[in-house]
Every structure is written in C-alpha cells, then in structure tokens.
Amino acid sequence: MRVLPKKGIVLEIGSGTGEHVVCFAKALPRLVWLPSDPDAASRASIKAWTANEGLTNVHTPVAIDVREGVWGVEDDAPFDAMMSLNMVHIAPWEAALGLLAGAGRLLRPDGVLVFYGPFMLGGIHTAASNAAFDADLKRRDPRWGVRDVDDLIGEAAPRGLELLELVEMPVNNLS
C-alpha cells in the first residue's frame, strides 16, 4: 500500500480474524504490525494465522476498545501508521470517534491513518448496494451504519488529522 511508510510500526484496529494483517505483513515485511481486536476469539485466530504463516513481523494481538481513553499500547507509540479496515460501520459512532482520538494521540506527527470500507460522500451512498448494506447494519444494531466521509473529516480536524487522499476501491469501497 503506497501510503504506508517503508519501515516502522503499524497498529491495526479491529483486526478481526487476522487475514488482513497476514496479507499486509507478507507484502510489507519491513513494517512491524501490531494487530488488535476486542474479541478474544479473533485474537486467537490472529495468533493462529500468524503462526501458520511463520511471520516474525506481526506482534501478539492486543485487546483494544477504541472508546476507552487508554488503549494499553501507549508504550509502543508513537505509531508510524494506523489502519482500520471494515470497522467503523460495524461499531457505534463512539468507536469511530475513539479511533480518531486515539490516532490523534498515538500517531507520529507525520503518521498515516488509513480507513477502508463502505462510506457515504456528502450524505449520499456511493452505490445502491451500500445503501442496502447500511439498512441491514442498522436493522442488526441501530448504532451501526455506513459512515459519511464528511463526518469523519469534521471529527478528525480537532484531533490534528486531515484527509490527504480518497481512493475508490473495488466493490464500492473507499480508502
């Protein structure tokens, strides 16, 4: 991924089963990866994926609830980059706010925060499938939903973060 540094440490937020961090760690071996997930079963899966692939550049996953003011990774900070793939829509808005606050606290001044997933632009879904997905998410939990890039930008600014680039990705996702 061209926006990530050539070397350094990347904190992944909401790593899920670990498939993404394994893919990135294999493709970018000069980076050290610190995966995280609040779910114990997901952290066990990350450990298993990492061990199966024999990766030495992936640290043991940690439990982070981004809504908390202290994440337990402060000793590893500042981070060169943080990534959150497919997380902010499957979590309460407070999680997105907590993630932005954490990035403001824990990233290097020139660090990069990368989001990936479905997003709205200017209050409008980028595809009918994203609108249907948003409705389905809200049926499952009314606190969930596809987030608007403008809302994230507005909340990022007071935390010292700014949007540098918006990239269209496959299947109506944005990065």
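Colleague: Let's start with arginine 67: buried, exposed or partly exposed?

Modeller: Arginine 67 counts as partly exposed, at 47% relative accessibility. Keep in mind that this is a predicted model.

Colleague: OK, and which residue does arginine 67 form a salt bridge with?

Modeller: That's aspartate 65, and the closest N and O atoms of the two are 3.0 Å apart. Aspartate 65 is partly exposed too, with a relative accessible area of 28%.

Colleague: How many salt bridges does the structure hold?

Modeller: There are 9. One of them joins the side chains of arginine 2 and glutamate 165, at 2.3 Å from N to O. Arginine 2 sits in the segment before strand 1, and glutamate 165 in the loop between helix 5 and strand 8, so this pair ties together parts that are 163 residues apart in sequence.

Colleague: And within a helix? Where do lysine 138 and aspartate 134 lie?

Modeller: Both are in helix 4 (residues 128-140), 4 residues apart, which is about one turn of the helix. Aspartate 134 is buried, at 6% relative accessible area, whereas lysine 138 is partly exposed at 41%. There's also a network of salt bridges linking Asp136, Arg139 and Arg140.

Colleague: How many bridges join strand 3 to strand 4?

Modeller: 6 bridges, with the two strands running parallel. Phenylalanine 79, for instance, stands opposite leucine 107 in strand 4.

Colleague: What about helix 2? Which of its residues are buried?

Modeller: Ser42, Arg43, Ile46 and Thr50 are. They cover an arc of only 100° around the axis, which puts them on the same side of helix 2.

Colleague: So what covers those buried residues?

Modeller: The cover includes helix 1 and strand 2. On the other side of helix 2, Ala41, Ala51 and Asn52 are exposed.

Colleague: And what comes just after helix 2?

Modeller: Glycine 54, which takes a positive phi of about 65°.

Key:
Residues are numbered from 1 along each chain as its sequence is written. This is a predicted model: local features need pLDDT of at least 70, side-chain atom pairs count only at pLDDT 80 or more; totals for chains, interfaces and linings use all residues. Side-chain values use heavy atoms; hydrogens and water are left out. Two strands pair if DSSP finds at least two bridges between them. Buried means under 20% relative accessible area, exposed over 50%, partly exposed in between (1.4 Å probe, protein chains only). The arc is that of the directions from the helix axis to the C-beta atoms. Contact means heavy atoms within 4.5 Å. A salt bridge is a side-chain nitrogen of Lys or Arg within 4 Å of a carboxyl oxygen of Asp or Glu.
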